[in-house]
Amino acid sequence: MAVSAAAATGSQYLWFLSRGSGLVLLVLFSVVVVLGVATRTGSAPRRWPRFAVAELHRTLSLFAVALLALHVVTAILDPFVTIGWAATVLPFASPYRTLAIGLGTLAVDLGGAVVVTSLARQRLGQRAWRAVHWLAYLAWPAAFLHSLTAGNDLGIWWVALIEVASAAAVATAVLARLFDRGREGPPAPGPGPRRPPADDPRHAARPTARAA
Amino acid sequence: MNTLDSGQRLVRGAADVQAGRFPRLLPERFGAGPAGLEDHVARYGRLPRGWDGYWREELIAEVGRAGLTGRGGAGFPTARKLAAVAAGRDVPVVIANGTEGEPASAKDKVLLACAPHLVLDGAVLAAGMVGARQAIVVAHDAVREVVHGAAAERRRARLDQVKVKVMTGADRFVGGEASALVNWVAHGVPLPTASPPRIFESGLHGRPTLVQNVETLAHLALIARWGARWFRSLGTPAEPGSMLVTVVGAVRQPGVREVEIGTPVGDVLGLAGGPAAPLGALLIGGYFGTWADPAVAGPLPLSAEGLLAIGGSPGAGLVAALPADVCGLAETARVARYLADESAGQCGPCVFGLGSIAGALADLATGRSYEPARLRRWMAQAEGRGACHHPDGAVRMVRSALAVFGEEIDRHAQGWCCGRRPAGVLPVPLRGTP
Amino acid sequence: MITGHRLRVDPIACDGRGLCAEVLPEMITLDDWGFPVLRDAEVPPGLLDEAAEAVRLCPRLALRLDHPPGTPGAPRRRTG
């Protein structure tokens, strides 16, 4: 009797840890995405050095990886749900809430690729790194949908608030990224040269472009 | 195949040209169309053949003794380039640069239009000298048909032991830059690439690549026939030979002429009929060249050594004469704007630097504003910080303008016009127009 | 003392983000348009670590550190 009660409390801790770490992870991941966009577009507050924004983006994502390990392990060790170790890397391999957990696995796979390539960026080169890094824009929605469907806590008001705030922050960042008219990389092969954007504040005023 | 009609037959044969008389590259008379293979051989004789190693080295040494330098603008010693490419680790390839992106210059087009076989001789010869199996001739669109025709003629006659391929050049100023040319041939993208590795080590498809201006190759074809001593019978000891120049602007007979290197600039203008009006300034070299006072430049020899006095060089062989009643600042501003627009757009200091400089010059030319310290700072910041020398050349041209047009600057800076008409003497074509 | 380590910017890759100038102001300043100006390519011994940091931080991998021939690769990284 006492043993099973203890076992029950023990596994409850696992469940709390898993849900709690999941929520913190959502916040972390969202902040990482916002910081990533801020690094790219240079839209962080002017007083923040750009290298600090870049380093924070990096540090937080590595911390998130550590927390992710906790989140995944506690979820799998939890005796009340059968997820199975395969589901850590294989999406939709969990008998319990297959879709919900699968989305989480997808986020782990995509996010993992992003992190690994970023750590090896200097060896991989800019193009390869950049191509994989775009997967972050798929990883976050997967993680977000996982957070909505894999837990039961949306009824709690502050959980819902965190979900909404995270989505709002990332949506704003994505829009900022899409509309960023900052200087892009080398121009694609084409008939003409890349023009610096007319409204880049650092660019001196010049006559309007001549007719093509 | 074109032949000259009897009234304009070339009476001078190889012996006459070899004797050092003029012209060497250009025909006696213009307007007869391109010289076909038969007439080419009648005038110059056949190209010597033989591809063994000793012959290659000996020929490169002869080119070195001749002192031939590149006629594309940079003036690099040709023998050194040949030796560097020949020493490469892979089978090299030769690219003949006939794109002539410089809008005011016409010498390469005229050379290809009149003597395509001389250029092709040079390209094939250069390929033999470096051990390449292919020579790619990239020609300006205006002369593609002539060059294609000449190459086809040679194929029918089974003349060459290397494959000759003819391509059209990109319609871009920067398309003639060596790495941009390689990029164009390889990928259809006329944009310069970052410098290491250098083209003579790893260029087209990673092979050692020889990029040579078509005029240089034409001279090469003649050196192979008649040797270094003959080549040196014209020109100066430091800069031997002849060169093609394009004379434009306020002269009576603008066009392309062949001159002995070291000919005084005033005489070069004379060959083009002399000034058609009192001259205000000369632009020597090309759009990367140097503005000069005609009184100062007139007696100077058209050579690198001679033009040092005005901080210039023969460059791409352009001599543009600006009449005294045209505003030199306005012309400079127009050319600067053109060069800024023709930037490949890959490097910030070039795109933004030349853009800012062009804007500042436009403001100066219209009397709106002038901030000399800021302009000088921008010029210093644009120089030497691009992947190619486009910004450097533009800044050099602007710097010479600021030195030569001092009086005009003073008046414009005070808001006065210099009283001259801002006509467009120098061509600054819009993209897509010839 | 000449270390033989030289910094250089790939002007085509560089996009003027400016992180390098923040981390290595002793060697890199920004021009009027935000692009790096390298006063002198030669890296003094005291700045080797900062130079390696700047190379790592560049979002476009446009900053390169060339090592003198014979040295086995990257300078040691400072921890922390």
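This is a predicted model: local features need pLDDT of at least 70, side-chain atom pairs count only at pLDDT 80 or more; totals for chains, interfaces and linings use all residues.
View 1. The contact draws on 17 residues from domain 1 of chain B and 18 residues from domain 2 of chain B (two residues are in contact if their C-beta atoms, placed from the backbone, lie within 7 Å). Chain B is assigned domain 1 (6-231), domain 2 (242-323) and domain 3 (328-413), with bounds from an automatic or database domain assignment. Residues count from 1 along each chain as its sequence is written, and chains are lettered from A and ligands numbered from 1 in the order in which they are written. Local features need pLDDT of at least 70, side-chain atom pairs count only at pLDDT 80 or more, and totals for chains, interfaces and linings use all residues.

**View 2. The domain 1 side of that contact.** Helix α5 (residues 107-114) of chain B gives the largest share of the side of domain 1 that touches domain 2, three residues. Helices are DSSP runs of H or I, at least four residues, and strands are runs of E, at least two, numbered from the N terminus. By class, this side of domain 1 of chain B has eight nonpolar, four polar and five charged residues. Nonpolar means Ala, Val, Leu, Ile, Met, Phe, Trp, Tyr, Cys and Pro; charged means Asp, Glu, Lys and Arg; the others, Gly among them, are polar.

**View 3. An open parallel sheet in chain B.** Four strands line up as β3-β2-β1-β4 (chain B), with parallel pairing (strands pair if DSSP finds at least two bridges between them). At the edges, β3 (163-168) and β4 (209-213) of chain B each pair on one side only.
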